[in-house]
Each structure stands twice: as structure tokens, then as C-alpha cells.
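Hello,

Here is the structure you will be working with. Please open it and keep it beside this email.

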Amino acid sequence: MRRMILLLNTVLLFGMFGPAVAQDSLPPAPYAYRQLDDPQQEAAAQDLMETLRCLKCQSQSIADSDAPMAGDMRHQVRIRIAAGESPEEVRGWLMQRYGDYVSYKPAVSATTWPLFAIPVLLILLAGGILIRRMRGRA
């Protein structure tokens with residue numbers, strides 16, 4: 001019985017941590033750390049990578065992050081730009097794949113409009129309150 005419990009615990013631990021170990025042991029994508037040969041394409045890729053969020057780090061761009069996922073995203077950006085896609089096409093593909101959160105410059109859509117509307121509404125509300133108080137004092 002004890003052997004069965006030990007075996008079950010071992011299987012559960014490997015099942016939980018095995019994928020994490022496997023991910024870190026994979027070799028990085030070829031263009032994760034290697035620049036494109038064309039300086040204009042590399043500049044476009046670098047500019048785009050500065051505006052894309054690392055989904056693992058969440059506070060760094062994929063250009064600054066050392067996370068394996070950011071390396072994979074850098075690789076995708078570079079090979080797509082080298083294939084002739086525009087930076088906006090690559091951004092659109094990444095946003096379709098990972099969601100609007102991946103971009104530091106989200107587009108106005110059905111899911112992101114509150115990000116743009118709420119600050120404007122708050123400014124209008126604060127302005128209305130200030131005008132009422134100013135009129136009340138006069």
C-alpha cells in the first residue's frame with residue numbers, strides 16, 4: 001500500500017512539473033537571439049518587438065524578456081518580417097493568436113473600447129464637478 005501511494009505521488013509530481021522541465025530544455029528558436037541580415041527588416045522587427053508584451057513576464061516587452069516564450073515570439077516576428085509581412089500584419093496575427101493583451105498599443109474594438117472611453121468619461125465627470133463647485137462659490 002505504501003509503495004502504491006509513493007508511486008502515485010511520483011507520477012503526480014512528474015505530471016505537474018514534467019512539462020515545465022521539458023519546456024526549458026528545448027533549444028531556443030533560431031531567430032530568438034539572432035538578428036536578421038537586412039538592417040531595415042531588423043529595425044522594423046525591433047520596433048515591433050518593443051511594442052509587444054511578454055505573456056509570461058507581463059511587465060516587459062518581448063525585446064527585453066529572456067523568457068522562452070518571448071524568444072519564440074521574437075523568432076515569429078523576425079521570420080514573418082523577413083517573409084515580407086508588414087509589422088501591422090504581424091501584430092494582427094499575434095493579437096489574433098494571443099489576444100489584445102499582447103500589444104502595448106491595443107486597437108479600439110468591441111472588447112477594448114472601455115480602455116479608451118472610461119478615462120474620457122472620468123475627465124468629463126471631474127470637469128463637471130469642478131464647474132458645479134466653482135458656480136456654487138460665485
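Below is what was found in it.

First, the ground rules. This is a predicted model, where local features need pLDDT of at least 70, side-chain atom pairs count only at pLDDT 80 or more, and totals for chains, interfaces and linings use all residues. Residues are numbered from 1 along each chain as its sequence is written, and side-chain values use heavy atoms, with hydrogens and water left out.

The protein chain has five helices and zero strands. Its pattern along the sequence is α-α-α-α-α. Both elements are DSSP runs numbered from the N terminus: helices are H or I with at least four residues, strands are E with at least two.

Of the 138 residues, 23% count as buried (under 20% relative accessible area; exposed is over 50%, partly exposed in between; 1.4 Å probe, protein chains only). The accessible surface is about 10100 Å² (Shrake-Rupley method; for residues, only the protein chains shown count as cover). Carbon and sulfur atoms hold 64% of that surface.

Now look at leucine 115. It sits in helix H5, residues 113–137. Is leucine 115 buried or exposed? It is exposed, with a relative accessible area of 56%.

Next, the rings. Arginine 53 lies over the face of tyrosine 101, 4.2 Å from the ring centre. Arginine 80 lies over the face of tryptophan 93, at 3.7 Å. The test is NZ of Lys or CZ of Arg within 6 Å of the ring centre and within 35 degrees of the ring normal.

Best wishes

Key: Accessible areas come from the Shrake-Rupley method with a 1.4 Å probe; for residues, only the protein chains shown count as cover.
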